[in-house]
Amino acid sequence: MGMGSAAAPSSAHLPSSGPWWVVCLCAQWCGACREYRGVFEELAGDWPQVRFEWVDVEDEEDVVGEVDVETFPTILIADGQVARFLGPVLPQAQVLGRMLQGMRGDPGAPAADAQAQALFRRIAASR
């Protein structure tokens, strides 16, 4: 599956607050997650200035905490300081690539809710 130009990063939007993070919350038993992992890793290679992390919600229960992940994959995107998005996404590289490109291009985008902020802090501290 090719990434296409829609997922291409732009160095013009590098954040000043530190590297952006893209965290995939998944589970080993989930077939969609197992299929998506290769796509996620390929996308990570296309965005070397962004930190990509894979978090297994069962193996890292202490990090995930009380966050109830109902749909896989669930993605957390943060600008290095603040979580900007937490929610399920279609397991396609183009979807995540466009989301990331759009968020990085909009420094005034609103922050995600308090639960997403706490989750991002726990993940960042665990890495």
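1. A disulfide joins C26 to C33, with an S to S distance of 2.5 Å; the term here means a pair of cysteine sulfur atoms within 2.5 Å. A search of the whole structure finds one disulfide. The torsion about its S-S bond is about -80°, so the C26 and C33 link is left-handed.

2. Please keep in mind that this is a predicted model, in which local features need pLDDT of at least 70 and side-chain atom pairs count only at pLDDT 80 or more, while totals for chains, interfaces and linings use all residues. Numbering runs from 1 along each chain as its sequence is written, and side-chain values use heavy atoms, with hydrogens and water left out.

3. Buried means under 20% relative accessible area, exposed means over 50%, and partly exposed lies in between (1.4 Å probe, protein chains only).

4. C24 is buried, with a relative accessible area of 0%. C30 is in no disulfide either, and its nearest cysteine sulfur, that of C33, is 3.3 Å away. C30 is also buried, at 8% relative accessible area.

5. On to E53, which sits in strand β2 (residues 51-56); helices (H or I, at least four residues) and strands (E, at least two) are DSSP runs numbered from the N terminus. At 15% relative accessibility, E53 counts as buried. Its side chain makes polar contacts with the side chains of R51 (2.9 Å) and R127 (2.9 Å). Such a contact is a pair of N or O atoms within 3.5 Å; within protein, one must be able to donate a hydrogen and the other to accept it, and residues adjacent in sequence count only if both atoms are side-chain atoms.

6. Leaving aside residues up to four places away in sequence, E53 touches W21, V22, V23, C24, F40 and R127, where contact means heavy atoms within 4.5 Å.

7. The largest nonpolar core has 39 residues, and V22, L25, Y36, F40, I75 and I123 have the most contacts inside it. Such a core is a set of buried Ala, Val, Leu, Ile, Met, Phe, Trp, Tyr and Cys residues joined through side-chain atoms within 4.5 Å. β1 gives the most to this core, with six residues.
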